[in-house]
Amino acid sequence: MSYLIEGRTGQWEVVVGLEVHAQVISNAKLFSGASTEFGKGPNENVSLVDAAMPGMLPVINEMAIEQAVRTGLGLRAVINRHSVFERKNYFYADLPQGYQISQFLHPIVGEGIVTLDLDGGESRDIGIERLHLEQDAGKSIHDRDPRRTMIDLNRSGVALMEIVSKPDIRTPEEAGAYLRKLRAIVRYLGTCDGNMEEGSMRADVNVSVRPLGETELRTRVEVKNVNSIRFVMQAIEIEAERQVEAWEDGEEIIQETRLFDPNRGETRPMRSKEFAHDYRYFPDPDLLPVRLEEDYIAAIKKTLPELPDDKKARLIKDLGLSPYDASVLVADRETAAYFETAAKGRDAKQVANWLTTNLFGALNKRGVGIDESPVTAEDLGALVGLIEDGTISSKIAKDVFEDMLETGKAPGAIVEEKGLKQITDSGAIEAIVDQVIADNPGQADEVRGGNEKAIGWFVGQVMKASQGKANPGQVNQLLKAKLLG
Amino acid sequence: MSLNEDDVRKIAFLARIRVDEARLAPLADELNNIVGWVEQLSEVDTNGIAPMTSAVDIVTPLRKDVVNDGDKVEDILANAPDREGPFFAVPKVVE
C-alpha cells in the first residue's frame, strides 16, 4: 500500500512516528496512594504528594512498574533492568510540581515491534523506539469562568506509559492500523483500557515529508493530542500536504508543535515561546534508579496471555480460518473470547462467518458491543451445531438467529417451539414433491421438455410448501429423479 | 563553560524569577563562580566508571498498589490563593 502526495515538483513520501500516552491500569497513582478512579468529584483523588505540597516525597507504585514491563514484553521489547526517573521542567497551571516526573535517558523499556494487520491479510512491522513511565498532569477547565481557569488535580500523578514508535509509518492507514493494534495489545495485556474517547489513550503525531527516493529524514512537526484514530489519520493527511506545499514554495519547515483542528481541517502552531522546549531534564533526586531482576521479568513473562499475533496464527493454522477473518476476530479480546467459546467443537469457519457477518451486523444495528450481545457465545455455537448436524437448514437458521436476537432464547428451544426441524425423512419430502408436481403439470412438462432451469422454480415451491423445513439437497435430488429420471 | 547575561535572562525566565536588568551581570558572575568551582570535578579521571546516581546503595522502595490516600479536598485547597468550590482557580490560561 503506497501513499504518495503529488506535488508540483514530483512525488512526496510521508514519514510518521507516533507517541502514544497510555494510562496504566492500577488502583493507585504512580507515586502516591490516591485513587485513579474515573469520574470522582474535583480534587477528591488528590494526596499531598499529587498536590506537590512542600516536603512530600514520591514512592513508586510497584504495579506501574509491573504494567510497564508487561506491556514491554507484549511489544516484544527489550526490558531495561536499570531505568531512571528524571524531572522534566516546565510551568503550567495544572502541573503543581513545576516539573513532570518522567524517564528520559534510561527508559524502562527499549526497542520492540508492533505488527500491523493491513488490508488483504498482509502484515508489516513497525519498530518501537521505547516505552517510559511518567506522571499525568491535572486538568484545566477553561469554560466555567471568563477570567479564571479551574484546576482539578484528580489525574495529576496517574501513571502513563509513553510508547514511542520509530518513524516507520508511511500512510494514514498504517497509523490507524498501528493504533488499533497497540490498543488491542494493551487490552489483551490488561495494562491500559485503550479508551481514546475518555482520554486513557492519547496520541501525538510526528509528521515529516521528503521527495520520493530521498533517504534523509527532513524536519518533523509534532501534532498534539489527537484524540481519535480517525483524527490521527486526518491530521497526517492535512499536515503532510501543508508541508509539501511549504517545501515546494521554498519555505523551510521549522520543528514546532501544532494543534489539529478537526472542525477547520487544519493544523496550526501552538504559541511556541511559552512552550519553549527547554525541559532541563535531570535525575529526580527524590527517586532511586529502578533495578529489575531477571527472575522478576521472567515471572511476569509467564503470566502473559496469548497475544493477538499468536492467536491469529493459531486460528489460521489450527482452525483453517483466512488471515482476514483471523485478524478481525483477534482485533479485540472480547471478540476473540466470544469466538473461541462459540467455536468449541463446531465448524470454526462457519462460526467465524456467523460472527463476522450476522452477529456483527446485528450488534452494529443496535449500537452495542459484543459484551452486550443478546446472543451468548454458547448459543451461537449451538446454532451452528444445529446446522452442522442437519437439524435445520442455513436458511431457517437465519430466522432462528433473528429470534435469538429478539428473545435471547437458546436456538434448540426456538426450533422445538416453532417446529422448525428440517425434514430429512425422504418419504415426507417425496410426498410434498409429488404434490407440487401434480399441482403444476404445465411447469412439469416444461422441465421434461428440456428446460432444466425451471427445476429451480420447483425447488422453491417445495421449500415453500414445507415452510422452509425440507432439506434443499434432498428436494433437488428427488425433483431431478422424478422429472428428468 | 561561561554564562553571559543572556543566559541568565533565559534561566530566570525558565524559572519564572523576575530579575532586573541591572542584576543580570552580577548574577552571571556569581553563577560563573559556582559553575567554575563545580567544574573542578572534571579534573577527576572517570573513564570506565559508571555514573553514580545515589550515595547510598539501597534498592528503591516500592509501594503496594493500594488506595490509602485522597478524599481531602479541604486540606488540598486550604492554602490556595483562590478557589471556586472544589477547584483551584488560577488566572485564565489561554488555550
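The model is predicted.

Let's start with the overall layout. Chain A is assigned domain 1 (4–300), domain 2 (306–418) and domain 3 (426–483). Between the C-alpha centres of domain 1 and domain 3 of chain A there are 66 Å.

Next come the charged pairs. Side chains of opposite charge can pair when their charged atoms come close. The count over all chains is 48 salt bridges, and the table shows some of them.

| Salt bridge | Closest N to O |
|---|---|
| A:Arg76 and A:Asp309 | 3.4 Å |
| A:Asp261 and A:Arg268 | 3.0 Å |

Take A:Arg76 and A:Asp309, which form a salt bridge. A:Arg76 sits in the loop between α1 (62–74) and β4 (82–83) of chain A, while A:Asp309 belongs to helix α5 of chain A, so their pairing ties together parts 233 residues apart in sequence. Both residues also join A:Asp117, A:Lys181 and A:Lys312 in a network of salt bridges.

In the remaining pair of the table, A:Asp261 is buried, at 11% relative accessibility, whereas A:Arg268 is partly exposed, at 34%.

Which helix gives the largest share of the negative patch? Helix α3 (residues 229–248) of chain A does, with three residues. A:Glu173, by contrast, lies in helix α2 (residues 172–189) of chain A, and A:Glu173 is partly exposed, with a relative accessible area of 34%.

Definitions and conventions
Residues numbered from 1 in each chain as written. Chains lettered and ligands numbered in written order. Predicted model: local features only at pLDDT ≥ 70, side-chain atom pairs only at ≥ 80, totals over all residues. Heavy atoms only, no water. Helix = DSSP H or I, 4+ residues; strand = E, 2+ residues; numbered from the N terminus. Buried < 20%, exposed > 50% of the residue type's maximum accessible area, 1.4 Å probe, protein only. Domains from an automatic or database assignment. Salt bridge = Lys/Arg side-chain N within 4 Å of Asp/Glu carboxyl O.
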